[in-house]
Structure formats: C-alpha cells, structure tokens
Amino acid sequence: GFPAGFPIHPYPGYQDQAGQSSSDEILIKALDALDDRTVRLIFTVPSILVGLHGRVELRYTSDKSNSDPSTWKSQIFIPPNDLIATPQLEFELDGLEPATEYKVRVTVNLKDIANSPSSRIYSVRTLERQEESTTLPPQIPIDAELRVMETNSTWINVIWKKFTEYEMLFIDGVQLRYKEHDGKVYAATPLIHRAVTSYVIEDLKPGTSYEIGISIIPFPGQTTELVSDKT
C-alpha cells in the first residue's frame, strides 16, 4: 500500500460513467511530482487485461480550460514485449513545466481490441524549479603546510598538515616529489596514505640543497583534485 496522504486528486466535476465498477476501470493509485519536470504515476488495470498486448497512453495538459483529452499532449509507453504483464504499472511522465498543474488521464490501447479502457482525469502539480546543483571546479587550491622537520646527511623527515574530513573526500593519497635544487627531474615517493602526515626521504646526497613538493593524488575517475603549489 501507499502511505496516507498521497496527493491524488480526481479532477473536480468529472462524473464516473454510470454503472462502471472499479474492477473494470483503470485506477490511479499514486500520482506525485518527483521534481520540477517529472511526475510519477502508479496505476492498476483490470485483471482481465493482464497477459494481453497493449500500450499505455498518457494524455496530459496544463490548459485548465481544455476538457477534451483527445486534444491533449500524449506520451506513449511501451511495456516490455508490448505486454501488459502485471495488474499494477508505474511510469514517469517527463518534459513538464515547473510549478504547473496538469490534468492527466491514462488509457490502455489494446492490440486487436477496439475497447480502450481509460482512467478518470486526475490533477497533479510539478515542483518549483530547482536551482542547478553546485558543481565543483576541476582544481581546488590547498596549502598542505609542507615543512621539513628534521634532516641528516642523507635523509630528510618531511611533515605536512592533517587533512580535514572534507579534503579527504578528494584524496586517494599523497606523493612527495623532490629534486636537487638545480636538477631537472623530480623523483617521487610511493603513494602515501591520506591519513599519514610525515615521511622520511632517504638516500640523498650529503651537503646538497633539495626542492620538495607534495602531490595530492585524486581517486580514480574523480573530476576534482586538490592542488598544493608550495615547495
């Protein structure tokens, strides 16, 4: 069942056909807006239609004065194998305007059968226009606070800041890169876990100046990376 309070509104003033019972009509069980351009319909068809070939046609309009469904916009939904396989069906109607009330009617067009059962007319309102979700830039500058803690003749102990939980979302690991001050090519450490905040670079030349930087390695497939430029 559906939670109480589903916004289902039969269109006011629409009369059921005399003598039509609920077992042989299409009943809309739920009709609700998913976002500013899409509504979802859940409806049941008479059990006698299950197993027959057919397609579902949704007629809809935002024109309050138009009460002729044959002139409304139409979306056709083709179920798998053109088969009405279950008594309950669910479809999403998209391409709608934000914050707009629509009248909706469901019809099942059966193959080789002239009778096309329809639902009553219901109304639904799309949600307000949604602001575009904020997209992150491809690079976010960051100061990793890289500094040398301790040196010896052949090694350097380098430390950097503890990354925040938010920064960790973008960090698979870090690498230190280093070269002799007048050298051309950087050497790099193995990938260091993002929670580690120090590393000892070994096998260096005694009495030599080195330039050291930190590279922040993004997760595979990630579109935003943190960049620390300081060396």
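Let's start in a loop: L136 lies between strands β8 (122-125) and β9 (139-141). Helices (H or I, at least four residues) and strands (E, at least two) are DSSP runs, numbered from the N terminus. The model you are looking at is predicted, so local features need pLDDT of at least 70 and side-chain atom pairs count only at pLDDT 80 or more, while totals for chains, interfaces and linings use all residues. Residues are numbered from 1 along each chain as its sequence is written, and side-chain values use heavy atoms, with hydrogens and water left out.

Together with Y166 and L169, L136 forms a nonpolar patch on the surface, with about 330 Å² of accessible area. Patches are made of residues with over 30% relative accessible area and no salt bridge, where nonpolar side chains (Val, Leu, Ile, Met, Phe, Trp, Tyr) are joined within 5 Å. A salt bridge is a side-chain nitrogen of Lys or Arg within 4 Å of a carboxyl oxygen of Asp or Glu.

Rings of Phe, Tyr and Trp (its six-membered ring) pair if their centres lie within 6.5 Å; planes under 30 degrees apart count as stacked, over 60 as edge-to-face and the rest as tilted. By this rule there are four aromatic pairs. Y166 is partly exposed at 47% relative accessible area, whereas F170 is buried at 7%. Elsewhere, ring pairs link F43, F77 and F91 into a cluster.

Now look at I42, in strand β3 (residues 39-44). With a relative accessible area of 3%, I42 is buried. I42 and E90 are 48 residues apart along the chain, yet their C-alpha atoms are separated by 4.4 Å.

Finally, step back to the whole protein. There are one helix and 17 strands, and buried residues make up 35% of the 231 residues. A contact means heavy atoms within 4.5 Å; among contacts with a separation of 6 or more, 65% come from residues 24 or more positions apart. The accessible surface comes to about 13900 Å², and 50% of it belongs to carbon and sulfur atoms.

Conventions
Patch = residues over 30% accessible without salt bridge, like charges linked within 9 Å, V, L, I, M, F, W, Y side chains within 5 Å. Areas by Shrake-Rupley, 256 points an atom, 1.4 Å probe, with all protein chains shown as cover. Buried < 20%, exposed > 50% of the residue type's maximum accessible area, 1.4 Å probe, protein only.
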